Amino acid sequence: MSEKIYAWLLSLYPSQFREAYGSEAMQLFRDRMRDEKSFFPRLRLWLDLIIDLAISIPREYRYSPAAPYAVSVRQGSYGVPVFHFIEGRSLRPGAILFGSALSCLALAIFWVFLSHAGNYVGLGIVTPGQFENDSNVFQSQSQPSDSPNSIRPTDRGEAFTLDVLERLRVIDAAVVILKKYYIDHENAQKMAEVLLAHEKNGDDDAAADGDAFAALLTRQMREVSPDRHLTLDYSPDLLPEHPDRESPEALARYNAVMKQQNCTFEKVEILPNNVGYLKLNSFPDPSACQSTAKAAMASLNGADAIIFDLRDNRGGEPAMVMLIAAYLFDHPEYMYNPRENTTEHSWTRSPVPGNSLADKPAYILTSHSTFSGAEHFSYDLKMLKRATLVGETTGGGAHSGVWHRIDDHFGMGIPETKPINPFSTTDWAEIGVQPNVKVKAAAALATAEKLAQDRLRKK
Amino acid sequence: MPKRKLDPLPSTAFQILLSLIDGDLHGYAIMRQVAEQTDGRMRLGPGTLYSSIQTLLEAKLIDHVDSREDAKLGPERRRYYRITSAGLKLARSEAERLADLLRVARTKKILRGRYV
C-alpha cells in the first residue's frame with residue numbers, strides 16, 4: 001500500500017526525472033521502509049517524503065527541459081494508472097500555490113496527530129486502564145512489597161530525578177486521567193484546574209523528591225474534594241508497565257511461589273479449648289489457592305471458635321476474602337468493598353456445604369501491618385458484628401478502584417465506583433480499622449484465646 | 001530552461017560530495033552517509049537526493065560508475081556514484097572557504113567554547 005502511494009507521488013515529478021531516477025527513488029523508498037519499521041521512524045519517513053516532495057517537485061519542473069506539449073495515456077509503473085499526463089510543462093503558479101497549501105495542511109494534520117496520539121507523554125506512555133483488572137484492585141504500589149500478591153517492580157537500576165519535565169509530565173497525565181476516569185466529572189475538572197494552577201504559580205517547585213511531589217499533588221486534588229480514595233503515588237522502584245501476572249510465565253511463577261508458601265496459610269491448627277487458629281498472611285488468588293483454602297477451613301470445621309490471625313496479612317484478592325468469609329455465615333451476606341461496584345459477587349456464597357463454623361465465635365487479630373484486603377475482611381466482619389477484632393488499628397490501605405500507571409515512578413488510584421456502604425459514611429481508607437479490643441499486636445493472640453475461652457465457658 | 005546552480009555550492013551537494021570521498025556509494029548509502037555525517041540533521045529525501053545527483057552529474061563533479069548489488073541490502077542492482085577529480089577539487093575549495101569563514105568568525109569572537 002505504502003509503495004503504491006509513493007509510486008503515485010513519484011508520478012507527480014516530470015517525466016525526465018522519473019525516467020532517470022524513478023526506479024532508484026522507489027528503491028530508496030523501499031530501503032527506508034524496510035529499515036524504519038517502528039511508529040516514530042515511519043512517521044518521520046513520511047514527513048521527510050512530504051517535505052521532500054514539496055521542495056523537489058517545483059524545482060524539478062523549474063529545471064526540466066521544455067518539451068512539446070504532449071498527452072499520453074499509459075499504465076504507470078507499480079500498477080498505478082496514469083491518465084492523460086501533460087509532460088514537460090512547468091507548473092502554473094496556481095498549481096504550486098495549491099501544492100504548497102496541501103503540504104501545509106498535511107503537516108498540520110501530522111502535528112495535530114502527534115499532539116493527541118494516545119496521551120503520549122515523553123518516554124512514558126499513559127495507558128489508563130492498564131490495571132483495570134479487578135484482580136489488581138488491591139495491588140497498588142503502596143502495598144508493602146513483601147506481599148505475595150504485590151506487583152513487583154523490576155529494578156533496572158536507573159536513577160530517578162524529579163525535574164521540571166517529569167513534574168509537567170506527571171501533572172499532564174494526572175489531568176488526563178482525572179478527566180477521563182474520576183467518578184465525579186465536575187470535581188475532576190476542578191481538580192485538573194487546581195493542579196495546573198499550582199503548577200503555573202510555581203507551588204510545586206518546593207517538592208524536593210518523588211514522595212513529596214506525590215503527596216503535594218494528592219493534597220492539591222483533595223483541596224477540591226476530600227476524597228481519601230484519590231491518591232497520586234510515587235514508587236522509588238520502577239513500576240511495571242503491565243501487570244506481571246497477566247503473562248503465563250508470571251502466572252506460573254506466582255503459582256509456584258504460592259505452592260511453596262502453602263498459599264500463605266502459615267498455620268492451621270486447633271488450640272486448647274478446641275479453638276481453631278488460622279494464620280493467613282495474604283488473601284491469595286483462588287485460581288491458585290482455592291483447594292488449599294477449602295482444605296484449611298475444612299480442617300477447622302470442628303472447632304468451637306475460630307481465630308483469624310491477620311497480623312502479617314497485607315491483602316490480596318477480593319475473591320479470596322469472599323471465599324473465606326462465606327464460612328462465617330449461613331446465608332449470603334453483603335460484604336462492602338470500596339473498590340468495587342455492588343454486584344452479585346458482593347454477597348458471600350453462604351451457606352458452604354458441610355460447614356459448621358457459621359455460628360461459631362470468630363476473632364480477627366490485627367496489627368498496624370494488616371492492610372488492604374485484610375482490612376476489607378476485618379472491616380466488614382466487624383461491621384456485621386460477626387467477628388471481634390483484637391489487636392492494633394490496621395494500616396488504612398483502601399486505595400480505591402483502579403490503578404493508573406503514569407510512568408516508571410508515578411501512578412494514580414482513582415475511584416471509579418460508588419459501592420454501597422451500609423455501615424458508615426467512612427471506611428478504613430488512611431484511618432484504618434479500629435479493633436474492638438485494643439491491645440499490642442504481640443498480645444493479640446493470647447487476648448483472643450482468653451476471650452474465646454471466656455465466651456465458650458459462658459455457653 | 002534555467003540552469004541548475006552550483007555557485008555557491010548548495011549544502012546538499014557539498015554533503016553528497018563529502019559522502020563520496022571514502023568510496024563509491026549508491027543512492028541509499030549516500031543518504032545514510034549524509035545523515036551520519038550531519039548527526040541526523042540532514043535526511044535527504046529521494047527527490048532532493050536525485051535532483052542534487054543530477055546537478056552534480058551534469059557538472060561532472062560525480063560520475064555514474066556501474067550498477068551492482070549491495071550484499072547488505074539484497075539482490076537488487078543499484079547504481080553507484082563516484083566523486084570525480086573536479087568534484088574532489090570543488091569539495092576541497094568549499095571546505096577551505098568554510099575554514100576561512102570560521103577564522104573570520106573567531107577573530108570577531110562570536111564563538112564560545114571549543115571549536116575545531
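These legends accompany a set of close-up views of a predicted model.

**View 1. Chain A as a whole.** Let's start with the overall picture: chain A is built from twelve helices and 13 strands. Of its 459 residues, 50% are buried. Among contacts in chain A with a separation of 6 or more, 75% are between residues 24 or more positions apart. The accessible surface of the chain is about 22,000 Å², and carbon and sulfur atoms account for 57% of that surface.

**View 2. An open, mixed sheet of six strands in chain A.** The strand order is S6-S7-S8-S9-S10-S13. Strand S6 (265-271) and strand S13 (437-438) have a single partner strand each, so they form the edges and leave one side without a neighbour in the sheet. Further in, strand S9 (residues 362-366) and strand S10 (residues 388-391) run parallel and are joined by four bridges. Look for A:Leu365 here, which stands opposite A:Val390.

**View 3. Helices packed on the sheet of chain A.** Helix H9 (residues 286-299) touches S6, strand S7 (275-280) and strand S8 (305-309), and its direction makes about 15° with that of S6(A). Helix H12 (residues 441-458) lies across S6, S7, S8, S9, S10 and S13 of chain A. Relative to S9(A), helix H12 runs at about 170°.

**View 4. A:Glu24 and its contacts in chain B.** A:Glu24 belongs to helix H2 (residues 15-35) of chain A. With a relative accessible area of 6%, this glutamate falls under the 20% limit and therefore counts as buried. Leaving aside residues up to four places away in sequence, A:Glu24 touches B:Tyr50, B:Arg79 and B:Tyr81.

View 5. Over all chains, the structure holds 14 aromatic pairs. In one of them, the ring centres of A:Tyr6 and A:Phe29 are 4.5 Å apart and the planes meet at 15°, so the pair is stacked. A:Tyr6 sits in helix H1 (residues 2-10) and A:Phe29 in helix H2 of chain A, 23 residues apart. A:Tyr6 is buried at 0% relative accessibility, and A:Phe29 is buried at 1%. The rings of A:Tyr234 and A:Phe410 have centres 5.3 Å apart and planes at 50°, so this pair is tilted. Because A:Tyr234 lies in strand S5 (residues 231-234) and A:Phe410 in strand S12 (residues 410-414), the pair ties together parts 176 residues apart in sequence. Both A:Tyr234 and A:Phe410 are buried.

View 6. In chain B, B:Arg68 lies over the face of B:Tyr80, 3.8 Å from the ring centre.

Notes:
Residues are numbered from 1 along each chain as its sequence is written. Chains are lettered from A and ligands numbered from 1 in the order in which they are written. This is a predicted model: local features need pLDDT of at least 70, side-chain atom pairs count only at pLDDT 80 or more; totals for chains, interfaces and linings use all residues. Side-chain values use heavy atoms; hydrogens and water are left out. Two strands pair if DSSP finds at least two bridges between them. Helices (H or I, at least four residues) and strands (E, at least two) are DSSP runs, numbered from the N terminus. Contact means heavy atoms within 4.5 Å. Axes are lines fitted to C-alpha atoms, for helices over the stretch in contact, and angles run from 0 to 180 degrees between N-to-C directions. Buried means under 20% relative accessible area, exposed over 50%, partly exposed in between (1.4 Å probe, protein chains only). Accessible areas come from the Shrake-Rupley method with a 1.4 Å probe; for residues, only the protein chains shown count as cover. Rings of Phe, Tyr and Trp (its six-membered ring) pair if their centres lie within 6.5 Å; planes under 30 degrees apart count as stacked, over 60 as edge-to-face and the rest as tilted. A charge sits over a ring if NZ of Lys or CZ of Arg is within 6 Å of the ring centre and within 35 degrees of the ring normal.
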